[in-house]
Amino acid sequence: MTETAKLLYTARTHTNGGRDDGMSRSSDGRLDVKLSPPGGAGIGTNPEQLFAAGWSACFEGAMELAARKRKVMLPRKSAIDAEIDLVLDEGAYSLRARLNVSLPGLDPEIARGIIDEAHQTCPYSKAVRGNIDVTVALI
């Protein structure tokens, strides 16, 4: 980070038990979830679902900024379906991601420009760039 970087927010959570019947709670109490393994019988969510929700919400915010720069309103029914795969390859775990973006009624060329800019500016997209396989599609 540069010397002029300004800290905007710090999320704090406390997690115990991990993905096997664990729990995670934010310091402000707004997030309080039970955890369970993906595809398991547990009643909780899993880290991949939380990551998908966080990334897609952040990505939508980045699209709003990109649209505003173009003096375009995002459609009211815009949506992002995020898919996060947990992959086991040769004994090592990794992630793979797909963001399927719906911008109904928006010219496809304008929509693609908004999506591309959002993928360049979204903090989650920046964090995973070069680390996991990501596909961002306009559907």
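Tutor: Here is a walk across the sheet, strand by strand, and then to the helices. Keep in mind that this is a predicted model.

Start with the layout. The sheet is open and has 3 strands, in the order β4-β5-β6. Its pairing is mixed. The edges are β4 (79-89) and β6 (133-138), and each of these pairs on one side only. From one strand to the next, the twist averages 15°.

Now take the two pairings in turn. In general, strands of a sheet pair through backbone hydrogen bonds, either parallel or antiparallel.

Begin with β4 and β5. Strand β5 covers residues 92-102 and runs antiparallel to β4, with 11 bridges joining the two. Look for Asp-85, which faces Arg-96 across this pairing. Another opposite pair is Asp-89 and Ala-92, the latter in β5. The hairpin of these strands has 2 residues between them. There, Glu-90 takes a positive phi near 55°.

Next, move to β5 and β6. These strands run parallel, joined by 6 bridges. Here Arg-98 stands opposite Thr-135 of β6.

Helix α2, residues 108-121, lies across β5 and β6. Against β6, α2 runs at about 155°.

Terms used
Residues are numbered from 1 along each chain as its sequence is written. This is a predicted model: local features need pLDDT of at least 70, side-chain atom pairs count only at pLDDT 80 or more; totals for chains, interfaces and linings use all residues. Side-chain values use heavy atoms; hydrogens and water are left out. Two strands pair if DSSP finds at least two bridges between them. Helices (H or I, at least four residues) and strands (E, at least two) are DSSP runs, numbered from the N terminus. Axes are lines fitted to C-alpha atoms, for helices over the stretch in contact, and angles run from 0 to 180 degrees between N-to-C directions. Contact means heavy atoms within 4.5 Å.
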